[in-house]
Amino acid sequence: MQSMKSRRRVTPLDGSSNGDSADKQDQLFLSSAISNGEDLSPFIRKAFTTGKPDTLLHHLRQFARSKESEIEEVCKAHYQDFILAVDDLRSLLSEVESLKSSLYLSNSHLQSVAQPLLSSLDSFIETRNVSTNILLCLRSLKICLQVIDLCARANAYLKNDNLYLALKSADKIERSFLKITPSVTLKRMLEKQIPAIRAFVEKKTNKEFGDWLVQIRIVSRNLGQVAIGQASSARQQEEELRMKQRQAEEQSRLSVRDCVYSLQSEDDGLDLNDGDVIDHGHQKEGFSEGGGNLGFDLTPLYRASHIHQTLGLEDRFKQYYFENRKLQLTSDFQVSSMSPFLESHQTFFAQIAGFFIVEDRVLRTGGGLISKWEVENLWDMAVSKMCSVLEDQFSRMQTASHLLLIKDYVSLLGVSLRRYGYAVDALLDVLCKHRDKYHELLLADCRKQISDALSADKFEQMLMKKEYEYSMNVLAFQLQTSDIIPAFPYVAPFSSTVPDSCRIVRSFIEDSVSFMSYGGQLDFYDLVKKYLDRLLSEVLDEALVKLINSSIHGVSQAMQVAANMTVLERACDFFFRHAAQLSGVPLRMAERVKRQFPLKNARDAAEDILSGMLKVKIDGFMSLIDNVNWMADETLQGGNEYVNEVLIYLETLVSTAQQILPVPVLWRVLQDVLSHISETIVAALAGDSVKRFTVNAIMGIDVDVRLLESFAENQAAVLSDADTSQLKSALAESRQMINLLLSHSPENFLNPVIRERSYSALDYRKVVIVSEKLRDPADRSFFTARGARQNPKKKSLDTLIKRLKEVS
């Protein structure tokens, strides 16, 4: 009904707008928007934009007046209903009053009935509150008792120096009871004492760790010495085994039936167990690692590490440990200037070796206390420092034995630490770098020793009265020519120079092999052989040559030196075999190589000086050739005086030399002497002292040559047939000259074939000179009588002389 009336009121407004313009339309739109409950903000904004707010206000007022009549009608329509509702409320109010009275009576009755129950309830509540308070008190007392018990246990642990358990007790109090402790006083005490306990534990742990750092330096030195000593013992056992193998090989080489077999038992009693003491469990608290007899205990370190880990300071302790150990290693690098490095090098290297043995143990059993990378960095730093120290010290050393001692100790250091996985190649490279210097020093030492040995030699055959002397001077260097032990006293064919030189050379070989061994190079025989060649050819050979040229003053001394050279030739074979054996090279490979005698210059000088002295002696006897009757009418049957003297001397010489000189040396010397005699005879025939000679004189010289040839043939008992023939051929020049002069056809010398076969040793110039002396026309006894026909031999000789002069 209201909506119908509203529309009836709106319709006249819409119809009345026929004559109005925009003002009416706006009023119409505003009314419609209000009726529909739309937003009026667009109308308000438009009114203010166009500057006509009054018009909008007027429209709103008109709309309000238009709605007042509708409101009045609505109120009238509902007035009756309102009156009825008021009446209903008044009747309801009276009923409420009666209900209120009824409720009051019921409440009074209920309170009178429930009063005893309320008293009982109050008593129950009070009792329950008391019970609850008692339970809370008991619970608090229980907590306090547990805290006090933990505190007492912590105190007991601290008193007994059981820091880890004391720290765990404090942690448990803080973690489980500090927040729930009911006692404020107790809580304040705990808050104050727990940090104090931790500070005390940390301080005491750091003190123990500091004491361990001091102690471990001493332990490290001893540990390094023990490790290097064990490496030395192992090396010595290995050398003994190799020596037995060499002896067995030598016996096998000499006689298979004489081989001796033995069972070698090895006793590996090393305390380090190949660098690793057995760990019986890595316990963080109370862990004890004694390390056998070495006193190697890491318990304080592991205890400190575990306590710092419990305190949450693990990373800081790792850094603290690394920095302190690095400082210790740096201090270990200091080389003492108060004593020579030769005296302090063992302590220096043993300290470093022990340091890294400890670090290897910590790396493997420390639970990450130090990393492999950190250990490698420390090792690289140590290797660099050790290399620089070795370079500096080696450059200052001028004694081979000192350098060898340090090298051996460094190589043992390398063997010891290589077992723990450390790379030692750089150290071995330093040793190899100074290999030449060591051998130069060793050669200088040997040069002095050889010079002293040679100067002390009296050039007399050694007399050995006991078997041990024979073994020491002959068998030790394999100088014997027979396996049969001679009867004593035994006179050796050499002087003291030979065994003294052999001992020096053998010592050189052993020192050289000792330096080359365990130096990172497995096949070093060629290097040892090179240095041995230098010793023999540059030192011993030169020393012998110098001795021969300056100190030999008699034939007996020259013979002895020549005999020594033959024995030294056998000794040189022993030297190279010995070097091969010590270098681990099979003898069959070493003996396969053919090498030149390194003392060839000394041998040649010895034989030359012996031959020279003999030639001087022979020249004294050959001077008697001037007493020969060159114009003899008859042939001398028993030989000239000079040749008899020479033969007596040669036979005496041979009988004496056979006791001293070896057969090859005697043969070479005799060959040189006979050749000299032959040249002296030819030189006498061609010399100015002989103006002319007869055929009978030449036939006498032929007898002399035959006697010399007979002497050469008589040496067949000592020499071989070939050597005897060559010894006889030393007289070829004199023999061929005599044959030519006594030949019926001397002009055959002009035939190349005959000259090569029968006169190859003759010089045609000497032939001319000697032949002219034989054909002197003033001599009536030559070839033919006066007035007779010319002798064909003289004619052939004249032809020979003429042709040879034409050639010259």
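Colleague: Why is Arg 603 called buried?

Modeller: In this predicted model, Arg 603 has a relative accessible area of 18%, and because buried means under 20%, Arg 603 is counted as buried.

Colleague: How do you know that the side chains of Glu 569 and Arg 603 meet in a salt bridge?

Modeller: The distance from N to O is 3.6 Å, and a salt bridge asks for a side-chain nitrogen of Lys or Arg within 4 Å of a carboxyl oxygen of Asp or Glu, so the pair qualifies. Glu 569 sits in helix 17 and Arg 603 in helix 19, 34 residues apart, and the pair thus links distant parts of the chain.

Colleague: What separates Asp 604 and Lys 600 in helix 19?

Modeller: They are separated by about one helical turn, because they stand four residues apart in that helix. Their side chains meet in a salt bridge at 2.9 Å, N to O, and Glu 569, Lys 600, Arg 603 and Asp 604 are linked in a network of salt bridges.

Colleague: Why is Glu 709 counted as buried?

Modeller: Its relative accessibility is 10%, and buried means under 20%, so Glu 709 is counted as buried; Arg 735, at 11%, also counts as buried. The side chains of Glu 709 and Arg 735 meet in a salt bridge of 3.0 Å, N to O. Glu 709 lies in helix 22 and Arg 735 in helix 24, so the pair ties together parts that are 26 residues apart in sequence.

Conventions: Residues are numbered from 1 along each chain as its sequence is written. This is a predicted model: local features need pLDDT of at least 70, side-chain atom pairs count only at pLDDT 80 or more; totals for chains, interfaces and linings use all residues. Side-chain values use heavy atoms; hydrogens and water are left out. Helices (H or I, at least four residues) and strands (E, at least two) are DSSP runs, numbered from the N terminus. Buried means under 20% relative accessible area, exposed over 50%, partly exposed in between (1.4 Å probe, protein chains only).
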